[in-house]
Amino acid sequence: MTVFLTIVVIALIGISLWQMSKILKLSQAKGADNSQVANDKDNNLQGKLMLAFVIFMYLLTIYCFVQYHTFFLPESASEHGIEYDRLMIISMILIFIVQFITQGLLHFFSYKYRGNKNNKALFFADNDKLEFIWTIIPVIVLAGLIIYGLFTWTDIMNIDEEEGNPLIIELYAYQFDWRARYSGEDNVLGKANVRFIEGVNTLGLDASDSYGMDDKIVNELHLPVNRKVIFKMRSQDVLHSAYMPFFRAQMNVVPGMITEFSYTPILTSEEMRNSEFMVEKVATINKIRKEKSKQLIVAGEEALETYEFDYYLLCNKICGTSHYNMQMKIVVESEEDYNTWLKTQQTFKEQLSAQASN
Amino acid sequence: MSAIAHVDGHEEDHDHGHHHKETFITKYIFSQDHKMISKQYLITGLIMGIIGIAMSILFRLQLAWPDHKFTVFEVLLGKFGEDGVMDASMYLALVTIHGTIMVFFVLTAGLSGTFSNLLIPLQIGARDMASGFLNMISYWLFFLSSVIMVLSLFAEAGPASAGWTIYPPLSALPQAIGGSGTGMTLWLVSMAIFIASSLLGSLNYVVTVINLRTKGMSMTRMPLTIWAFFVTAIIGIVSFPVLLSAALLLIMDRGFGTSFYLSDIYIAGEVLHNQGGSPVLFEHLFWFLGHPEVYIVLLPALGITSEIIATNARKPIFGYRAMVASILAIAFLSTIVWGHHMFISGMNPFLGSVFTFTTLLIAIPSAVKAFNYITTLWKGNLQLNPAMLFSIGLVSTFITGGLTGIILGDSTLDINVHDTYFVVAHFHLVMGISALYGLFAGVYHWFPKMYGKMMNKNLGYVHFWVTAIGAYGVFFPMHFIGMAGLPRRYYTNSNFPYFDDLADTNVLITVFALITAAAQLVFLYNFIHSIFYGKKAVQNPWKSNTMEWTTPVEHMHGNWPGAIPHVYRWPYDYSKTREDGEYVIPGQDYVSQIIPLQDGEEEMHH
């Protein structure tokens with residue numbers, strides 16, 4: 001079958017090439033004008049197509065916004081994300097205004113001034129005033145954006161451990177999974193280095209550092225709502241990137257150094273799940289999955305599970321073969337739920353003694 | 001390649017048999033003539049382009065239909081496509097080599113190599129490049145590096161697959177991914193040779209432009225194409241050596257146990273001895289080239305477009321001085337913005353602020369360029385030849401792609417769109433598609449000069465419109481899946497149910513990609529067919545002012561049969577009129593650069 005299809009495709013390509021050369025010959029024989037330089041007829045048609053093209057672009061833009069509005073991320077689940085979203089909206093509106101005007105002018109001029117034997121172009125080589133105006137406008141607009149952006153950037157990246165009792169968590173990346181290490185009662189992470197990796201000590205904690213004894217290593221990230229979190233990130237092997245899109249947070253995880261990012265979650269998993277946006281989105285996704293499941297069942301395979309929304313962290317720096325599936329679930333919950341969950345997790349000391357008793 | 005050159009060379013034989021005797025080898029293979037070398041660059045670049053685009057089709061198929069089995073994978077990828085299922089590491093390899101080939105081999109060598117070689121001597125009035133021999137070496141080094149890059153595809157454990165940016169430690173450790181073994185070694189060797197080739201070429205361009213201009217061709221009378229090639233060559237000389245250093249240190253880390261980029265690594269069950277290196281150092285070195293590289297790719301395209309738009313609008317380019325100034329400003333700024341690729345690399349956030357500032361500054365000269373192009377069209381008499389359509393298309397994609405740069409260049413906004421499909425959409429439009437349009441525009445426009453034939457315009461129109469719609473069809477929706485937070489370089493997006501509703505869009509993008517790729521076959525057909533059977537070109541088919549159109553149609557060594565003509569004016573005296581409203585040369589709306597000022601005519605103080 002596939003061989004047959006291949007032959008058909010090759011034959012079709014052959015035929016189309018043959019036809020094309022025929023068209024070529026016909027077009028050459030037909031008119032007296034065989035210079036292959038655009039004549040008035042070409043200019044006329046191509047100019048109109050230019051106008052049609054900009055309409056196509058406008059329609060494509062509108063189509064994308066209508067069709068894909070559900071693609072945009074929901075409201076930010078972190079505090080600084082609100083500021084981020086505001087800056088994004090301002091920049092987007094600005095961009096689309098400029099895009100609308102400049103593309104319109106470009107293609108409209110291409111249409112309006114399409115060539116004609118009887119027309120004369122205007123010799124217009126310079127105009128200092130005009131050029132000054134369109135240099136100074138971008139300067140002012142961009143200056144505004146830069147200043148606004150830099151204030152937000154400084155706010156986000158200024159990570160102060162002294163301020164407001166932040167929770168310190170280590171994010172640990174390796175091919176191809178994540179671990180989170182909670183700093184325990186003392187809120188201080190124990191020292192660690194890959195050279196200590198052995199047995200259950202998969203994160204290479206320094207067993208002689210007492211700060212590390214109460215650390216808890218888990219593979220699901222739980223965060224209490226409305227409390228600032230500082231992530232300290234460490235990689236075991238290659239570059240990874242901790243990308244938490246719902247929190248407008250991302251930082252590369254670099255072997256040999258500790259990188260940091262901080263945010264305050266403001267919406268619990270439950271709240272996000274029940275938000276209007278997410279309910280609609282998950283319904284759409286489940287509809288798609290149901291359709292797919294039907295086909296899978298026909299093919300004798302297992303149906304897909306129904307999807308329920310959870311925050312996630314994913315790897316966003318190419319890190320190897322299974323890069324596409326390096327994820328960790330994030331749960332944002334109330335302070336009490338968080339504490340209950342944390343109590344059930346083993347400390348590093350308990351892990352070590354469990355290993356020893358085995 | 002030699003077969004193609006052979007036929008078109010036949011005419012040369014009868015017309016210029018009196019020239020000093022050349023053998024087949026010195027004429028078509030180890031040629032030192034800039035026109036032949038430019039054709040060699042073009043054809044090598046196009047062949048690499050076919051490979052690069054074919055790869056993109058393969059991985060687009062995978063992204064659109066991740067569950068489907070494709071025989072074509074089995075046929076082309078061998079053991080990496082067993083039973084028609086693409087191997088995940090092969091996906092990364094395809095992405096990596098696609099990027100490498102398109103950026104370096106097609107858009108750097110294929111575009112800049114072709115047109116710098118063709119146009120610099122012809123447009124400044126020189127017999128050839130300053131050193132024909134170095135020029136020949138430059139091409140053959142490029143050819144060698146292309147061969148090695150293609151050979152690397154056949155490495156046992158797969159070709160390089162750490163992304164075209166080859167960030168260590170992934171690219172340094174074969175334990176981390178198969179492609180970082182022999183595949184990566186060959187990649188590095190190929191790129192080292194490529195850099196040597198690029199440097200030889202660039203030095204030659206700079207020396208030629210500075211020293212070999214004909215009498216009267218002052219710097220301010222140079223066509224914008226030459227300005228663009230000249231400045232591009234300078235950026236290349238400044239930044240490519242840094243990539244060579246980055247590659248050398250990486251080679252040492254890989255082969256000789258040094259720790260420039262590696263530290264504290266535990267992989268495949270053992271701790272490596274490396275200590276104290278930093279991958280961030282590599283990122284700095286890489287992007288010190290990597291960012292100027294974007295402009296090395298783009299500036300020649302903008303230069304070509306400036307020339308083509310002015311010629312076909314039958315108007316001078318608007319704001320010649322501003323255009324030159326913005327080329328210089330872009331070139332300067334391009335070397336101090338590299339950090340915007342690294343906002344979230346772990347680099348000090350204060351540095352991020354500085355790079356945001358410089359990055360958004362570069363939007364200013366870019367905006368000036370776009371406005372000047374639009375004003376050049378205003379009240380023109382536009383001759384919508386295929387080259388002109390591609391030039392207008394370039395301005396369009398340059399604006400669309402450039403605007404999203406305002407988002408990515410802002411360190412704050414970059415946080416959440418970094419390394420998503422938003423970035424992919426942005427750079428494909430602003431440098432990929434734009435530069436390709438520049439390449440096509442150049443080929444359509446200067447084909448008569450290269451081969452003495454005309455390309456078929458109707459096929460050119462078909463090529464343009466399908467490509468224009470297809471390119472937007474591919475990359476416009478891509479912004480939206482990027483805004484959804486979909487990371488790039490994912491083998492499949494089906495492992496996150498959250499992305500399930502993006503699947504249809506991925507299919508749409510792939511369909512557009514297939515159509516667009518098919519349209520390139522029309523171009524290839526037109527290109528090859530026209531070389532052999534195209535209509536014979538006249539000396540100055542586009543009624544252009546620049547000097548290359550004063551040379552005979554048939555190529556000859558030394559370009560001009562007699563003395564080199566002198567230059568008396570700038571190249572943009574289109575539709576210039578006398579006080580009584582008549583053209584400077586009655587009945588003709590252009591005045592070639594080699595025509596002296598007419599009675600009572602004033603030179604423009606541009």
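Predicted model: local features only at pLDDT ≥ 70, side-chain atom pairs only at ≥ 80, totals over all residues.

**A helix pair in chain B**
- Helix α10(B) covers residues 320–334 and helix α11(B) covers residues 349–377; their axes come within 9 Å and cross at roughly 155°.
- Angles over 145 degrees count as roughly antiparallel, so that's how α10(B) and α11(B) run relative to each other.
- As for handedness, α10(B) passes α11(B) in a left-handed crossing.
- On the α10(B) side, the residues making the contact include B:A322, B:M323 and B:I330, while α11(B) brings in B:L361, B:I362 and B:K369, among others.
- Sorted by type, the residues of this α10(B)–α11(B) contact come out as nine nonpolar, five polar and one charged.

**Domains of chain B**
- Chain B splits into domain 1 (1–25), domain 2 (31–277) and domain 3 (313–537).
- Between the C-alpha centres of domain 1 and domain 3 of chain B there's a gap of 38 Å.

**Where chain A meets chain B**
- In this pairing, 103 residues of chain A are in contact with 112 residues of chain B.
- Among the chain A elements that give two or more residues to that side are α1 (2–30), α3 (79–112), β6 (240–244) and α6 (276–298).
- The largest share of chain A's side, 14 residues, belongs to α4(A).
- By type, chain A's side has 58 nonpolar, 35 polar and ten charged residues.

Technical notes. Residues numbered from 1 in each chain as written. Chains lettered and ligands numbered in written order. Contact = placed C-beta atoms within 7 Å. Helix = DSSP H or I, 4+ residues; strand = E, 2+ residues; numbered from the N terminus. Nonpolar A, V, L, I, M, F, W, Y, C, P; charged D, E, K, R; others polar. Axes fitted to C-alpha atoms, helices over the stretch in contact; angles between N-to-C directions. Parallel < 35°, antiparallel > 145°, perpendicular 65-115°, else oblique. Left-handed = near helix turned anticlockwise from the far one by under 90°. Domains from an automatic or database assignment.
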